[in-house]
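Me: Hi! I have a structure open and I'd like to go through a few residues with you. Can you help me read it?

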Amino acid sequence: MDLAQGVQFVSFALLSIMMIAAALGVVLFSNIVYSAFLLGGVFMSISGLYLLLNADFVATAQVLIYVGAVNVLILFAIMLVNKREDFKVLPNAWFRKIATALVCVGLFALLSTMVLSTSWSIPGASIANTESSIVLIGRHFFSDFLLPFELASVFLLMAMVGAIILARRDILPDEVPTDIPQTPVLSLPERPRDLVSSSSEISTN
């Protein structure tokens, strides 16, 4: 094992431990805000694993879409709603927890056995790719898949313009009621007649 393979192995182990710990925190924490932050940690760990597989475009999309959009949207929804409600105590909750733990442990053991028993080495494949995956994806977008790419751009632009129009639309009633008395905006209150007569008497005296 050379230095590059050792660094990759250590990075894979650290990212895997971080991802598993953050995923357990998402499930076990009772505070939903902490769970949402730890979900962002899971997404970041997955993007690091994509980088180890030389999938830089997928790693960037993972950070931009899941961390920058989905996780932030979840956090804003939690903080804006801010509905504090105590969890109801369910009968026989310990049985549900034990059953869930057994299912999770069995699934983890099954996946671990599959990972350890699978031969991941590909004979005759090049270790490092000289060309970036972003260059290859961009070349395919603007040559082979130009029409779907442009159609997706037009659809996204239409959705964005529609969202802006719906957000900036003034709320106007359908029918304006006519039985409400209309008062002028710039009007001074009229002085009472008794005050007017008393002030005139004082001026004559």
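Me: Is Asn71 buried or exposed?
Reply: Asn71 counts as buried, because its relative accessibility is 5% and the cut-off for buried is under 20%. Keep in mind that this is a predicted model.

Me: Where does Asn71 sit?
Reply: You'll find Asn71 in helix H3.

Me: And what is Asn71 in contact with, leaving aside neighbours within four places in sequence?
Reply: With those set aside, Asn71 is in contact with Ala36, Leu39, Gly40 and Tyr66.

Me: Nice. What about Val58, which helix is that in?
Reply: Val58 is found in helix H3. Its relative accessibility is 38%, so Val58 counts as partly exposed.

Me: Which residues make the nonpolar surface patch?
Reply: Val58 is one of them, together with Phe57, Ile134, Phe141, Phe142, Phe145 and Leu146. The patch covers about 620 Å². Helix H3 (56-81) and helix H5 (133-141) are the elements that each give two or more residues to this patch.

Me: New topic: where is Leu49?
Reply: Leu49 belongs to helix H2, which spans residues 32-52. With a relative accessible area of 16%, Leu49 is buried.

Me: Which residues does Leu49 touch, beyond neighbours within four places in sequence?
Reply: Beyond those, Leu49 is in contact with Phe12, Leu15, Ser16 and Met19.

Me: How many Å apart are Leu49 and Gln8 in space?
Reply: They are 9.9 Å apart, C-alpha to C-alpha, while in sequence 41 residues separate Leu49 and Gln8.

Methods. Residues numbered from 1 in each chain as written. Predicted model: local features only at pLDDT ≥ 70, side-chain atom pairs only at ≥ 80, totals over all residues. Heavy atoms only, no water. Patch = residues over 30% accessible without salt bridge, like charges linked within 9 Å, V, L, I, M, F, W, Y side chains within 5 Å. Areas by Shrake-Rupley, 256 points an atom, 1.4 Å probe, with all protein chains shown as cover. Salt bridge = Lys/Arg side-chain N within 4 Å of Asp/Glu carboxyl O. Helix = DSSP H or I, 4+ residues; strand = E, 2+ residues; numbered from the N terminus. Buried < 20%, exposed > 50% of the residue type's maximum accessible area, 1.4 Å probe, protein only. Contact = heavy atoms within 4.5 Å.
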